[in-house]
Amino acid sequence: MARYELVKRSVALITLTNPPVNALSSAVRHGIAKTMERALSDPKVTAVVICGENGRFCGGADIREFAGPLRGPPLVPLLDSIEAGEKPVVAAIEGVALGGGLELALFCHYRIAHFKARLGLPEVTLGILPAAGGTQRLPRLIGIPAALELITTGRHVSAQEALKLGIVDQVTEQNACEVAVEFALRAVAKPLSSRRLSSLTTPCPPNLDALLEAVTMQIQKKARGVMAPLACVQAVRAAATMPYSQGIKRESELMATLFNSGQARALQYCFFAERTAGKWTLPSGAQWNDIKPREIRSAAVIGLGTMGRGIAVSLARVGIPVIAVESDKKLLETGRQMVIGMLERDAKRRGVSASHNLLKFTLGLQDLKDVDLVIEAVFEDMALKKSVFRELSKVCRPATLFCTNTSGLDVDALAGVTDRPQLVIGMHFFSPAHVMKLLEVVCGPRSSSEIVATAMSLGKRMGKVSVAVGNCPGFVGNRMLKPYSDQATFLLEEGATPEQIDKALEDFGFAMGVFRMSDLAGLDVGWRVRKESGLTGPDVDPKNPPRRRQGRKYCPIPDMVCEQGRFGQKTGRGWYMYDKPGGTKAKPDPLIQNLIEMYRNRYGIQPRNITDQEIIERCLFALANEGFRILEDGIAARPEDIDVIYLFGYGFPRHRGGPMFYASMVGLQRVLERLEHYHQAHPDVPHLEPSPLLKKLVACGSPPVQKWREHIKTMHSHL
Ligand code: 3H9
């Protein structure tokens, strides 16, 4: 776990060997302790270099070990012995030095980084803080403002930025280990006292209190209810105001509080869930690591509306030539200008040159005959999409892969009109497609493992978090959204206001409550879907009881809002009012309050006081309940997949872990009891009836999320 070699006759080279990221597991810590002891006690050794195997210095503490009791040597005393030694120790940083990895380097006397290396203290993203001295040493090295920014955001910096900030002593384009060995030889004669960060005082800005206050306020505004960044501020304050030994104690007290918190567990769960999501398996047994994706050398995007433009940008910026198609000259020209503008802004932001030459714009589908893959992104209309796919079948070569960007239509029905149903798949991008990280890869029953592998790998190449899901109306994300937003509108009927419901959800941690979110997305989209599915509009039988549709409770308030031409932000009016069409500052609108009151009067509904607890339970337990049904139906393979979809596509607060993890943290027994309670009160709302899987898990003793799969295994899979 740590290899020892003597090089150049007098330099001990210690290599951390724990692939893939050389995390500081208990075995690695043992290895460091043993090899350092050997190096410090061997009189032949005059200097030490620490590096990591396979061009990666160290990805930090082994996060998998956080779940169990601490084994092996604790990190801080081990690292103290490195700094206290009388032989210069040089960290040779290649690949990454993150978290405990950077902290290890900060205990070394010198740091040499390869020019492609990335450094950072990302502990805050895992709900903890850099507790191996990071919060005390980094401020001593680079000053309070810069250290505060890095520690509270967890941002990674490039080697060049690390050099500018003073984190590393040298950046090299050569082998960092070899450069570090030469550097170590030259350092032998030099005094080490000024290189020991623990002995330095922290350079303190005169306005320390104001600075810490400003950062605290910024954090409270941006990350409502999140504990770790605030604890980081307190730890950095200790670095500024206490001697090193006391600061270290404070760091460790703060860590102890965070370490056992639900937030840390949730954030660490998210880290692994994100990585698990890419590991898909199909009922045939085909899986992510044994099916080779096809190489995509060219692509086409059909339709240059909001979605198509974002998709074209996402493809072009990773170097894939794109042919973009529109149906008439005017739309094509508008689309062209928008795509080029977006690509330029994106390139400027990333400091690269825009890849215009990769884009071609055309009115004719026949230009697509040789492309490797087509993404259809026309209007969400089944008949229109079918006609596009019929045409594509005629013009494209037989091997071209067909993808449809749809937020809920039947992917298999589209596959059925093509000459290659096995090469058709859904790619549900989220708007704006070049910004949002989520991609639902919708596998139809006839989608081949090769197209699943290709769509997943293309998603990864575009920087997306891709999740394979089965084919059903709304797939995973939008299917779950319905019971969630239905509960919100039922709560309106019963006595709540849009702003009260939004506030409860935003206090819970959502970036936006359900009504503000709907105003942003546009209320007309859902209205059209409801009209098409016969829930509202002229097709509804007038004899139908007004608040019931298709045998269940129905709330027509959202339709009434749309009937007044209030479609959300874009029209300047929706659930809220805005200062102008397209405005973003939402203000409560008395007209909405009137509309709800009139509605209640018409149906004799007596409003009651609704607590925030009821809002959270009804919205979020109904959401998770649908998640359990999705698992039962085999539309998602794992609870982690559902959580990743909600984290990346729907603004679910990361420190709550996602709807399924949140349900497990609340306790499945409690979720079951509350759903039973609410279902009893609202027997005509089937979404509140606890799902069989939830009941089964409770009967099995409420296993942790990671074990649910064992109980789902026997169920049918649509993936
Ligand atoms: C810490 O250091 C606390 C300290 O302050 C000390 C306190 C006392 N541990 O992301 P990838 C796994 S907290 C365990 O796909 P990439 C990962 O799960 C830590 N496992 O690769 C995956 O496993 P699998 C602070 C880890 O090239 C595999 O490695 N450090 C760890 O895209 C490959 O990962 C961090 O927060 C770990 N530390 O990205 C850094 N890291 O193959 C966390 C990775 O089974 N890590 N794995 O799915 C990362 O940000 C990225 O993994 C990294 C590589 C940038 C390193």
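This briefing describes the domains, the ligand surroundings and selected residues of one protein model. The model is predicted, so local features need pLDDT of at least 70 and side-chain atom pairs count only at pLDDT 80 or more, while totals for chains, interfaces and linings use all residues. Residues are numbered from 1 along each chain as its sequence is written, and side-chain values use heavy atoms, with hydrogens and water left out.

**Domains and annotation**

- The protein is divided into domain 1 (2-259), domain 2 (299-471), domain 3 (478-602) and domain 4 (612-712); these bounds come from an automatic or database domain assignment.
- Between the C-alpha centres of domain 1 and domain 2 there are 44 Å.
- An unreviewed UniProt entry carries the annotation "domain: 3-hydroxyacyl-CoA dehydrogenase C-terminal" for residues 474-578 and 615-702; UniProt positions are given in the numbering used here, feature names are shortened, and annotations may be inferred rather than shown by experiment.
- Residues 474-578 are 51% helix and 6% strand, and their end C-alpha atoms lie 30 Å apart. Here helices (H or I, at least four residues) and strands (E, at least two) are DSSP runs, numbered from the N terminus.
- Residues 615-702 are 67% helix and 0% strand, with end C-alpha atoms 24 Å apart.

**Surroundings of the ligand**

- There are 26 residues around the ligand, of which R56, E103, E123, R275 and K279 come nearest; a residue is near a molecule if one of its heavy atoms lies within 4 Å of it.
- These shell residues divide into 14 nonpolar, 4 polar and 8 charged. In this grouping Ala, Val, Leu, Ile, Met, Phe, Trp, Tyr, Cys and Pro count as nonpolar, Asp, Glu, Lys and Arg as charged, and the others, Gly among them, as polar.
- A nitrogen atom of the ligand lies 2.9 Å from a backbone N or O atom of G59.
- The side chain of R275 has an N or O atom 2.6 Å from an oxygen atom of the ligand.
- On its own the ligand has 1000 Å² of accessible area, and the protein covers 76% of it; such areas come from the Shrake-Rupley method with a 1.4 Å probe, and for residues only the protein chains shown count as cover.

**Buried positions**

- Helix α24 (residues 639-649) is mostly covered, as 11 of its 11 residues are buried. Buried means under 20% relative accessible area, exposed over 50%, and partly exposed in between (1.4 Å probe, protein chains only).
- R566 lies in the loop between α21 (557-563) and β20 (576-577), and R566 counts as buried because its relative accessibility is 4%.
- The side chains of R566 and D589 make a polar contact (2.6 Å). A polar contact is a pair of N or O atoms within 3.5 Å; within protein, one must be able to donate a hydrogen and the other to accept it, and residues adjacent in sequence count only if both atoms are side-chain atoms.

**Backbone features**

- Most residues other than glycine have a negative phi, and most peptide bonds are trans.
- The peptide bond from P19 to P20 is cis, with omega near 5°, and the bond from S431 to P432 is cis, with omega near -10°.
- N54 has a positive phi near 55°, and at 64% relative accessibility N54 counts as exposed.
- F475 also has a positive phi, near 55°, but F475 counts as buried at 0% relative accessibility.
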